[in-house]
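Here is a short report on side-chain contacts, salt bridges and helix packing. Please read it alongside the model.

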Amino acid sequence: MTRLYLLVLDNTTWDEAAAARLLQPSRQADIARLKSPAARMRSLCGEMLVRYLLAESLDVALEEIAIEREKGGKPYLTGRQDVHFSLSHSGNAVACAISDAPVGCDIEQVGKHRPNIARRHFTGKEQAWIEEGDRDRDRRFFAVWTGKEAYLKRIGVGLTQPLNAFDVLEERSITHFYRDGYAIAVCASDVVNGLCLVPPEEIVKFIKKQK
């Protein structure tokens, strides 16, 4: 069973230093290398979100959660082949999908549809579907984009595979959501029926609990 969670950052105060100390040194270094403070915060919040969700769903202590990455960059929970997750962030939002089978998730803040990108990376059928949307082209563009990223994350190849090598409109394993100006796609073996909102305060409590 696959569940999708969304964390939307607000003015809640975060103890970034305390949160960072909960991560493996290698992951701390990865986040520290990000140039933008906003990007560092999104990445850190994403790491806290997935650990909070895994700790809650598995009923284990944070110390028992060890996350590593495959050669392609896909994260996985060590010692648990029955638990899979995928994390994505954009703007002020972080999305996380947790499943008992391989899963991919992507979130993007909806902006203007980009015809040049669509022509280079989307199939002819996908481009036609976007253009047919008239006033809905922006959302359709980001539905295709997030669907493609979610699909590639699920199979663990990232953006190494050409985006126009497959058509998300024909891929039944992808479920789409729109929330507060964001397009979210989940690629899973089952249909994701809903979106669970995680209040930022819950993550703050989780961090303080680890002190």
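Gln161 sits in the loop between helix 6 and strand 7 (174–179). Helices (H or I, at least four residues) and strands (E, at least two) are DSSP runs, numbered from the N terminus. Gln161 is partly exposed, with a relative accessible area of 25%. Here buried means under 20% relative accessible area, exposed means over 50%, and partly exposed lies in between (1.4 Å probe, protein chains only). Leaving aside neighbours within four places in sequence, Gln161 is in contact with Leu152, Ile155 and Phe166. Contact means heavy atoms within 4.5 Å.

This is a predicted model, in which local features need pLDDT of at least 70 and side-chain atom pairs count only at pLDDT 80 or more, while totals for chains, interfaces and linings use all residues. Residues are numbered from 1 along each chain as its sequence is written, and side-chain values use heavy atoms, with hydrogens and water left out.

**Lys148**

Phe166 also takes part in the surroundings of Lys148. Lys148 lies in helix 6 (residues 137–155). Is Lys148 buried or exposed? Lys148 is buried, at a relative accessible area of 0%. The side chain of Lys148 reaches the backbone oxygen of Phe166 at 2.8 Å. Not counting residues up to four places away in sequence, Lys148 touches His121, Phe122, Glu126, Leu163, Asn164, Phe166 and Val168.

**Salt bridges**

How many salt bridges does the structure hold? There are 13. A salt bridge is a side-chain nitrogen of Lys or Arg within 4 Å of a carboxyl oxygen of Asp or Glu.

| Pair | Distance |
|---|---|
| Arg27 and Glu47 | 2.4 Å |
| Asp106 and Lys153 | 3.8 Å |
| Glu170 and Lys125 | 3.4 Å |

Take Arg27 and Glu47, whose side chains meet in a salt bridge. Arg27 lies in helix 2 and Glu47 in helix 3, so the pair ties together parts that are 20 residues apart in sequence. Both Arg27 and Glu47 are buried. For Arg27, the relative accessibility is 19%. Arg27 touches Glu47 and Arg69, not counting residues up to four places away in sequence. A network of salt bridges links Arg27, Asp30, Arg33, Glu47, Arg51 and Arg69.

Next come Asp106 and Lys153, which form a salt bridge. Asp106 lies in strand 6 (residues 104–109) and Lys153 in helix 6, so this pair ties together parts that are 47 residues apart in sequence. Asp106 counts as buried, at 3% relative accessibility. Lys153 is partly exposed, with a relative accessible area of 22%.

The side chains of Glu170 and Lys125 also meet in a salt bridge. Glu170 lies in the loop between helix 6 and strand 7, and Lys125 in helix 5 (residues 124–131), so the pair ties together parts that are 45 residues apart in sequence. Glu170 is exposed, with a relative accessible area of 54%. Lys125 is partly exposed, at 45%.

**Helix packing**

Helix 2 (residues 25–32) and helix 3 (residues 37–58) pack at an angle of about 150°, their axes 9 Å apart. Axes are lines fitted to C-alpha atoms, for helices over the stretch in contact, and angles run from 0 to 180 degrees between N-to-C directions. Helix 2 and helix 3 are therefore roughly antiparallel to each other. Angles under 35 degrees count as roughly parallel, over 145 as roughly antiparallel, 65 to 115 as roughly perpendicular and the rest as oblique.

Arg27, Ile31 and Ala32 of helix 2 make the contact with Arg40, Ser43, Leu44 and Glu47 of helix 3. These residues divide into 3 nonpolar, 1 polar and 3 charged. Ala, Val, Leu, Ile, Met, Phe, Trp, Tyr, Cys and Pro count as nonpolar, Asp, Glu, Lys and Arg as charged, and the others, Gly among them, as polar.

What is the arrangement of helix 3 and helix 7? The axes of helix 3 and helix 7 (residues 200–209) come within 10 Å and cross at roughly 80°. Helix 3 and helix 7 are therefore roughly perpendicular to each other. Met48, Leu49, Arg51, Tyr52 and Ala55 in helix 3 meet Glu202, Ile203, Phe206 and Ile207 in helix 7. By class, this contact has 7 nonpolar, no polar and 2 charged residues.

Helix 3 also holds Ala39. Ala39 is buried, with a relative accessible area of 17%. Ala39 and His89 are 50 residues apart in sequence and 9.2 Å apart in space, C-alpha to C-alpha.

Note on methods. A polar contact is a pair of N or O atoms within 3.5 Å; within protein, one must be able to donate a hydrogen and the other to accept it, and residues adjacent in sequence count only if both atoms are side-chain atoms.
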